[in-house]
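Thanks for coming, everyone. Please take a moment with the sequence and the model before I start.

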Amino acid sequence: MNIMTAVLIGYVLGSISFSYLIAKWKAGIDIREHGSGNAGATNTLRVLGRGPGILVLFLDAIKGIVAILIVSGLLHGDEAQLAAAGFGAILGHNWPVFFGFRGGKGVATTIGVMAVISFYPFLISVLITILIIYFTRYVSLGSLVFFILMPIIMYLKADPTAFVIMAILVGIIGIIRHSANIKRLIKGTESKLGQKK
């Protein structure tokens with residue numbers, strides 16, 4: 001198995017947009033036409049409520065985990081291939097081939113991937129992220145901190161180079177995908193957790 005095969009496996013799994021599917025099933029709507037317009041867990045929470053939001057968060061994380069497990073367990077992939085599968089899953093979530101390449105921002109899927117790839121840096125990063133969200137009520141701010149912290153802590157822990165490079169690339173994509181949120185945070189107009197659009 002080569003790197004591109006690993007990316008493709010991850011990408012196909014990542015392209016399953018649970019936010020879109022659950023919103024269609026639960027409310028008969030295209031989640032991308034409501035709230036922030038983002039096909040992810042936070043917007044699902046905002047538009048459909050806590051239950052669907054948590055379910056989307058869980059399922060989006062699971063698809064990242066499954067991508068890694070398939071390449072690792074069934075195909076015996078090496079570190080570079082595991083990193084490629086995780087990266088592919090995150091790309092698929094952001095730009096899903098099954099849903100017109102209009103997806104989410106990759107936070108939940110990144111959580112799933114990083115939990116498997118590098119557990120202790122993930123745990124530290126996610127705990128800090130949760131604290132930031134708890135005290136500020138800004139999910140976007142917490143997500144940005146997570147994207148920045150992961151590669152730094154992974155590097156300090158001396159994780160495999162392929163994993164660190166993947167975390168850096170994912171972090172760059174995550175920050176770019178949150179560019180509108182960054183502008184709203186600076187202006188003080190970003191929506192807080194529990195606040196409807």
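In which helix do Phe119 and Phe122 lie, and how many residues apart are they? Both lie in helix H7, residues 119-136. They are three residues apart, about one turn of the helix. One caution before we go on: this is a predicted model.

Let's stay with the aromatics. A search of the whole structure finds six aromatic pairs. One of them is Phe119 with Phe122. Their ring centres are 6.1 Å apart, and the planes make an angle of 40°. That pair is tilted, because 40° falls between the limits of 30 degrees for stacked and 60 for edge-to-face.

Now, buried or exposed? Take Phe122 first. Phe122 is buried, because its relative accessible area is 10% and the limit for buried is under 20%. Phe119 counts as partly exposed, at 43% relative accessibility.

Phe122 has another partner, Phe146. Here the centres are 6.4 Å apart and the planes stand at 85°, so this pair is edge-to-face. Where does Phe146 sit? Phe146 is in helix H8, residues 139-156, while Phe122 is in H7. The two are 24 residues apart, and the pair links distant parts of the chain. Phe146 is buried too, at 2% relative accessibility.

Phe119, Tyr120, Phe122, Phe146 and Phe147 form one aromatic cluster.

Next, charges. Side chains of opposite charge can pair when their charged atoms come close. How many salt bridges are there in this model? The count comes to five. I'll show you three of them, one at a time.

Start with Glu33 and Arg102. Their side chains meet in a salt bridge, 3.4 Å from N to O. What does this pair tie together? Glu33 lies in the loop between helix H2 (18-27) and helix H3 (41-48). Arg102 lies in the loop between helix H5 (79-94) and helix H6 (107-117). So the pair ties together parts that are 69 residues apart in sequence. Glu33 is exposed, with a relative accessible area of 53%. Arg102 is partly exposed, at 39%.

Then Lys63 and Asp60. This salt bridge also has its distance given from N to O, and the value is 3.4 Å. Both residues lie in helix H4, residues 50-74. They are three residues apart, about one turn of the helix. And both Lys63 and Asp60 are buried.

Now Asp159 and Lys157. Their side chains meet in a salt bridge of 2.8 Å, N to O. Asp159 is buried, with a relative accessible area of 10%. Lys157 is partly exposed, at 43%.

On to how helices pack. Find H3 and H4. Their axes are 7 Å apart, and they pack at an angle of about 165°. That makes H3 roughly antiparallel to H4, because the angle is over the 145 degree limit. H3 passes H4 in a right-handed crossing. Which residues meet there? From H3, we have Ala41, Thr44, Leu45 and Leu48. From H4, we have Arg50, Pro52, Gly53, Val56 and Leu57.

Now H5 and helix H9, residues 161-177. These pack at an angle of about 10°, with axes 8 Å apart. H5 and H9 are therefore roughly parallel to each other. This crossing, where H5 passes H9, is right-handed. On the H5 side, the contact is made by Glu79, Ala80, Leu82, Ala83, Phe87, Ile90, Leu91 and Asn94. On the H9 side, the residues are Ala162, Phe163, Met166, Leu169, Val170, Ile173 and Arg177.

One more stop: Val97. It lies in the loop between H5 and H6. Val97 is partly exposed, with a relative accessible area of 38%. What does Val97 touch, leaving aside its neighbours within four places in sequence? Val97 is in contact with Tyr11 and Ser15. Compare Trp25. Val97 and Trp25 are 72 residues apart in sequence and 20 Å apart in space, C-alpha to C-alpha.

Let me recap briefly. Glu33 and Arg102 tie two loops together. H3 runs roughly antiparallel to H4, and H5 roughly parallel to H9.

Technical notes
Residues are numbered from 1 along each chain as its sequence is written. This is a predicted model: local features need pLDDT of at least 70, side-chain atom pairs count only at pLDDT 80 or more; totals for chains, interfaces and linings use all residues. Side-chain values use heavy atoms; hydrogens and water are left out. A salt bridge is a side-chain nitrogen of Lys or Arg within 4 Å of a carboxyl oxygen of Asp or Glu. Helices (H or I, at least four residues) and strands (E, at least two) are DSSP runs, numbered from the N terminus. Buried means under 20% relative accessible area, exposed over 50%, partly exposed in between (1.4 Å probe, protein chains only). Rings of Phe, Tyr and Trp (its six-membered ring) pair if their centres lie within 6.5 Å; planes under 30 degrees apart count as stacked, over 60 as edge-to-face and the rest as tilted. Axes are lines fitted to C-alpha atoms, for helices over the stretch in contact, and angles run from 0 to 180 degrees between N-to-C directions. Angles under 35 degrees count as roughly parallel, over 145 as roughly antiparallel, 65 to 115 as roughly perpendicular and the rest as oblique. A crossing is left-handed if the near helix is turned anticlockwise from the far one by less than a right angle, and right-handed if clockwise. Contact means heavy atoms within 4.5 Å.
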